[in-house]
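Here's a quick briefing to read with the model open beside you.

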There are 4 protein chains.
Amino acid sequence: MEHMRVRTDLALEVRESFAGSDTEVHGVVVEEDYDEERDIRLTRVRIESERGAREMGKPMGSYLTLEAPAMAVPDEDYHREISEALAFYIKELMGEERERSILVAGLGNRDVTPDALGPKTVSNLLITRHLIREYGKSAMGEGRSSEISGIVPGVMAQTGMETSEIIKGVVEQTRPELLIVIDALAARSTKRLSRTIQLTDTGIQPGSGVGNHRGSLTKENLGIPVIAIGVPTVVEAAAIVYDAQGNCEQMPPHLNGMFVTPKNIDETIKQLSFTLSEALNIAFQVRKEA
Amino acid sequence: MEHMRVRTDLALEVRESFAGSDTEVHGVVVEEDYDEERDIRLTRVRIESERGAREMGKPMGSYLTLEAPAMAVPDEDYHREISEALAFYIKELMGEERERSILVAGLGNRDVTPDALGPKTVSNLLITRHLIREYGKSAMGEGRSSEISGIVPGVMAQTGMETSEIIKGVVEQTRPELLIVIDALAARSTKRLSRTIQLTDTGIQPGSGVGNHRGSLTKENLGIPVIAIGVPTVVEAAAIVYDAQGNCEQMPPHLNGMFVTPKNIDETIKQLSFTLSEALNIAFQVRKEA
Amino acid sequence: MEHMRVRTDLALEVRESFAGSDTEVHGVVVEEDYDEERDIRLTRVRIESERGAREMGKPMGSYLTLEAPAMAVPDEDYHREISEALAFYIKELMGEERERSILVAGLGNRDVTPDALGPKTVSNLLITRHLIREYGKSAMGEGRSSEISGIVPGVMAQTGMETSEIIKGVVEQTRPELLIVIDALAARSTKRLSRTIQLTDTGIQPGSGVGNHRGSLTKENLGIPVIAIGVPTVVEAAAIVYDAQGNCEQMPPHLNGMFVTPKNIDETIKQLSFTLSEALNIAFQVRKEA
Amino acid sequence: MEHMRVRTDLALEVRESFAGSDTEVHGVVVEEDYDEERDIRLTRVRIESERGAREMGKPMGSYLTLEAPAMAVPDEDYHREISEALAFYIKELMGEERERSILVAGLGNRDVTPDALGPKTVSNLLITRHLIREYGKSAMGEGRSSEISGIVPGVMAQTGMETSEIIKGVVEQTRPELLIVIDALAARSTKRLSRTIQLTDTGIQPGSGVGNHRGSLTKENLGIPVIAIGVPTVVEAAAIVYDAQGNCEQMPPHLNGMFVTPKNIDETIKQLSFTLSEALNIAFQVRKEA
């Protein structure tokens, strides 16, 4: 299919790539919700059948896409609003509010700026597992009784191992009830960069992410639910050539392994990692009444 | 001129962009030298007249380009050869071998991987100025009697100042006899990335470099000779679209401020910064007989 | 004098070192103010005469010390209170509220954790000078019309230059009206570490700071007012031996160049640098009515 | 026992702490070897009985201590000699020379300078496991047929997990034949800092290391041999007070969790991590004849 030629990690973009984005795709439900006051758009893509999954090239499940144009612009109050909206949808995917043990994995290469989103997000999380195990829940602050652990596994060029091997080993040793993975994504269009957050309950499929080296991180593989949160920070170099040409006939092979990213990506990653870690810290708080 | 549409920091690429790269350009002399054993190609572009400078869009002076395909590949012995070749040409531009005081400036943004070449190179230099001033030249090792100082000025988004303002201030306070600036460059073609080193005695012109935010660093501006050493680590996003289209008619404006870089750029920058700092450390040694 | 044997950068500790800390020292005025609700203690030491300066071993001027026990403990709301209190006293030292151009220098070594306070604080500042120069004041947000620039000069082992040479050069080139320097300090007692902020309008004297390599940064030297903001993050190793022994007779020479610091200093520096940059960002806002 | 009051990670220092360092301790054999030309001293402490282990407070096994005064001083040729000596002893502990799969773990906190030795060493290793698995052994360079993988697990304050939980999980998933752990250690005396390397085949015991947060990493626990390589980079603050006082009666509790380290620890860690990674890269090469 023409529309699948160039890779994207965003379900939203796959959906749009079908000729006439309002064409119905069997087994794929799309809903949109726009919060005018906060200028945050939420699109829900639900892939409900195997046929839909085949056509979309993505597994069955929910894909929430939160779009906020000014997400990467420094402005404290605004971002608190984004963090809170994001926390709301993370909790929706987490289901029933209660204490639990959660492992957060920050995928990606901390030494390549647009790929450092996951590592930087984990470094700002409130990590509580060791404290609860040593001092008990009563020692923690209000609502901080979930056991939160975090891992930054590195990338294959640094470790010689699949990210999925490392995560699986850690999951089997420490037995969390839920895995949340944070990852920098590749978008199809530069318009999505740094202003879109995708949340899904389907985990991570092989070949996604900036460095293209993630193995499968799914409930099937790990035995626990996996929520993946990603922000597109790069576009494959091939994609912008494709856009210009309208076809791939002369796609130059030397663009393999190259990505396109904005020059101020350092500021963007700093801002986004704050928003994501703040959203997670909010989402992990359990209200007393709950 | 068609060939000037897309920016490059490499004189070699400007020269090649003229239809038929063997066309003579008035006032521009090109010489090539190939070291088969070490697989290192050296191209010398000398712009000798104002007319040549106008046509090339670069100031009069010498531009040495050292090309070595395996430059970014890890292999200790090979890179020692590149360091030594590079040191040889740095000394050629430095002129007469003798003790002197040299300031090395590592331009670029240490937080954006392909732009961190300058900062990382300076961090591996043997800095001697403070030691010589405190303990005298006799306390230094063999041939280490040049006063070497280093500065990493940061980029305008971090400092609010032009790099040239910071460097000029430091030069006026500390009065070195020579400034060497290290910078990551933008090439026209992905083929040049991480395998080409450009040396020039013309300093740095406004608008060059990865982040596009360098002011002028020249002898005219600073009062001392300026050698610039650069390695292309990115290509402007617009350039690869131009290549695909063959023209700029539909150059999409959203590609402004975007660059293309390889996914393993972290390893490349680490390797290149070692090679550059080793070459400088060798070049700064003064032989006793000299 | 016995009390001067071991070095401290805190005027408060010098004052306390006099036998009977309520002894009057000629020309030195001490005032205390305790905010019970926020548990913040403010001590003002004013050295008003040359004789007081001689006895204290510190230049004439104001030294404000803000003490808050939980300063380094993660708790967002509490720290906003500290940032606001700190901003209040920074504005007191800055004098008359109005638009101005301010250079903030983050002293210290970013590669040594307890010495990285200054560099990390500057990296979180809102830098506006280049934006105002390019787009005008009207383009900035509410009250953001002061031209803020920032510099991280590095330390002498990295640059071969005195910090004061670099700062002086930058000041002379860019002509700010005020210099604010941020620095990690050495305290006399581990009790002060990471819970004390010192502000002074006397600038920086030679030999202060964690790495002990700062030259003089004063109005006399630079021609503009200098406010220094410091937090003690280390104690000289000799100091804790002195405390244990009660005298210096057997002070072991191998402790020279060694410092004492807490094991969790990375978390502390992260927290403190946020508080300091937030306080500066607040202090630099000019109220419309003003 | 008096000699056990203050903690050290060095078997050599435990041995010396016995009154009269030539006293025989039952089941503990000490051998010394001095290489005059290279000024490298090698001490072998073998704990051969349970009684010796009890008296030494360390498990049975071999402890090799390599001392070289100028280890942290920059000098390329000299350090190549140290790397080669170290590689020789690593191979002695590895036993029979042959291809194998080895996991190297860099323990410690990369954000606290003296604790970053392990993470920095791993970042300079030649990682080959993924390459051999994808391209086969024939694609690797001469003698590079061992499958090398690396992990930087972080510390408990960052992950909420014991280092040993993470390592155990990774070992069980990826099944290496040998684990090598690199760690920054606490010495008893500042004289040992940055000039001593300890190698042991006994792995890591709980409570060792700079941050004091390592669990047990032993053959018993992991099912594969564990070689631990450590360099002392800090002294517990309590130790230098003890030295000054000669007893612990007034050991001040506020020194808990504080360590002593040299001011130039950043340069030292950079130098040492190069030496260690170079030694490992040499040790992992399998000679064709072997």
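In chain A, 71% of the contacts (heavy atoms within 4.5 Å) with a separation of 6 or more are between residues 24 or more positions apart. This is a predicted model, where local features need pLDDT of at least 70, side-chain atom pairs count only at pLDDT 80 or more, and totals for chains, interfaces and linings use all residues. Residues are numbered from 1 along each chain as its sequence is written, chains are lettered from A and ligands numbered from 1 in the order written, and side-chain values use heavy atoms, leaving out hydrogens and water.

**Chain A on its own**
- You'll find 10 helices and nine strands in chain A; these are DSSP runs (helices H or I, at least four residues; strands E, at least two), numbered from the N terminus.
- Of the 290 residues in chain A, 61% are buried, where buried means under 20% relative accessible area, exposed over 50% and partly exposed in between (1.4 Å probe, protein chains only).

**Chains C and D**
- Here 28 residues of chain C touch 28 residues of chain D.
- About 2,300 Å² is buried between chain C and chain D, 62% of it on carbon and sulfur atoms; that is accessible area (1.4 Å probe) lost on putting the two parts together, summed over both.
- On the chain C side, Met258(C), Phe259(C) and Lys263(C) lose the most area to chain D, together 28% of what that side buries.
- Two salt bridges (side-chain nitrogen of Lys or Arg within 4 Å of a carboxyl oxygen of Asp or Glu) link chain C and chain D, including Glu236(C) with Lys263(D), closest N and O atoms 3.3 Å apart.

**Salt bridges within chains**
- Glu55(A) pairs with Arg51(A) at 3.7 Å; they sit four residues apart in helix H2 (residues 50-56) of chain A, so about one helical turn separates them.
- Arg133(D) pairs with Glu147(D) at 3.4 Å; Arg133(D) is exposed at 54% relative accessible area, while Glu147(D) is buried at 16%.
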